[in-house]
Amino acid sequence: MTRKKRIFECVPVGPRLFGRAVRVNSTGCLEFRYGHRKGGYGSLMVNRKRTPAHRAAWELANSRKLSSEEMVCHRCDNPPCIEPTHLFVGDVIVNADDMVAKDRALRGSSNPRAKLTLPAVQDILARIAAGEQQKALAREYGVTPQAVYLIKTGQKWKRTVALGFDKHAAPRSN
């Protein structure tokens, strides 16, 4: 018995991918307008596997299959973009470095897991400078003594404290 072929098995990847994209003149992005998944990234079936559209676009444009460790990153930071000139290959570390370089990392109280706000961190630093014990401050603020030590030594909250504000922070109560 033969099984009926599905449309994605009959139509080549290129036409399915680029035929469902729209050029955005203001950015130069070619946005895939079909099958959006988590984070706004487009996806489509390639060889019976769900594949991110930007990955399929890069592989098609560069005639090279990527390894599972390789990622396709966006220069334009636009998840639905499949414009090959806006894409580059990296790994998890390159992608994270790119995010930090473009100031998209969750820092300070913009991180949903943050227990402290910028005023609390500034207060901790002032009280350490005045001689208060880190252990007592940690207990008061509900963090570990290690967290207070990392704040004191500038290993955590350094950038936010140096700027004197947390640009991502929404007002929160402590």
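The model is predicted, so local features are taken only at pLDDT of at least 70 and side-chain atom pairs only at pLDDT 80 or more, while totals for chains, interfaces and linings use all residues. Residues are numbered from 1 along each chain as its sequence is written, and side-chain values use heavy atoms, with hydrogens and water left out.

To begin with the overall layout, the chain holds eight helices and six strands. Here helices (H or I, at least four residues) and strands (E, at least two) are DSSP runs, numbered from the N terminus. Along the sequence they come in the pattern α-α-β-β-β-β-α-β-β-α-α-α-α-α. Of the 174 residues in the chain, 34% are buried; buried means under 20% relative accessible area, exposed means over 50%, and partly exposed is in between, using a 1.4 Å probe and protein chains only. As for contacts (heavy atoms within 4.5 Å), 47% of those between residues at least 6 apart in sequence join residues at least 24 apart.

Helix α5 covers residues 118-129 and helix α6 covers residues 134-141; their axes come within 10 Å and cross at roughly 160°. Axes are lines fitted to C-alpha atoms, for helices over the stretch in contact, and angles run from 0 to 180 degrees between N-to-C directions. Angles under 35 degrees count as roughly parallel, over 145 as roughly antiparallel, 65 to 115 as roughly perpendicular, and the rest as oblique. The pair α5 and α6 is therefore roughly antiparallel. Their crossing is right-handed, a label used if the near helix is turned clockwise from the far one by less than a right angle, with anticlockwise being left-handed. On the α5 side the contact involves Ala120, Asp123, Ile124, Arg127 and Ile128, which meet Gln134, Leu137, Glu140 and Tyr141 of α6. Sorted by class, the residues of this contact are five nonpolar, one polar and three charged. For these classes, Ala, Val, Leu, Ile, Met, Phe, Trp, Tyr, Cys and Pro count as nonpolar, Asp, Glu, Lys and Arg as charged, and the others, Gly among them, as polar.

Helix α6 also packs on helix α7 (residues 145-152), at an angle of about 115° and with the axes 8 Å apart. That puts α6 roughly perpendicular to α7. This crossing of α6 and α7 is right-handed. Gln134, Lys135, Leu137 and Ala138 of α6 meet Pro145, Val148, Tyr149 and Lys152 of α7, a contact with five nonpolar, one polar and two charged residues.

The remaining pairing of these helices is α5 with α7, packed at about 80° with axes 10 Å apart. These two helices are therefore roughly perpendicular. Val121, Ile124, Leu125 and Ile128 in α5 meet Val148, Ile151 and Lys152 in α7; six of the residues in this contact are nonpolar, none polar and one charged.

Two residues in these helices deserve a look of their own. Ile151 sits in α7 and is buried, at 5% relative accessible area. Leaving aside residues up to four places away in sequence, Ile151 touches Leu116, Val121, Ile124, Leu125, Lys156 and Trp157. From Ile151 to Leu125 the gap is 26 residues in sequence but 7.5 Å in space, C-alpha to C-alpha. Arg127, in α5, is buried too, with a relative accessible area of 17%. The side chain of Arg127 makes a polar contact of 2.9 Å with that of Glu132. Such a contact is a pair of N or O atoms within 3.5 Å; within protein, one must be able to donate a hydrogen and the other to accept it, and residues adjacent in sequence count only if both atoms are side-chain atoms. With residues up to four places away again not counted, Arg127 touches Glu132, Leu137, Glu140 and Tyr141.

Lastly, there are some backbone details. Most residues other than glycine have a negative phi. Asn47, in the loop between β3 (43-46) and β4 (49-52), has a positive phi near 50° and is exposed at 72% relative accessibility. Ser63 lies in the loop between α3 (53-62) and β5 (71-74), with a positive phi of about 50°, and is exposed at 68% relative accessibility. At helix α4 (residues 92-101), Asp91 caps the N-terminal end, with a side-chain oxygen 3.1 Å from the backbone nitrogen of Ile93. Just after α4, Asp103 has a positive phi of about 60°.
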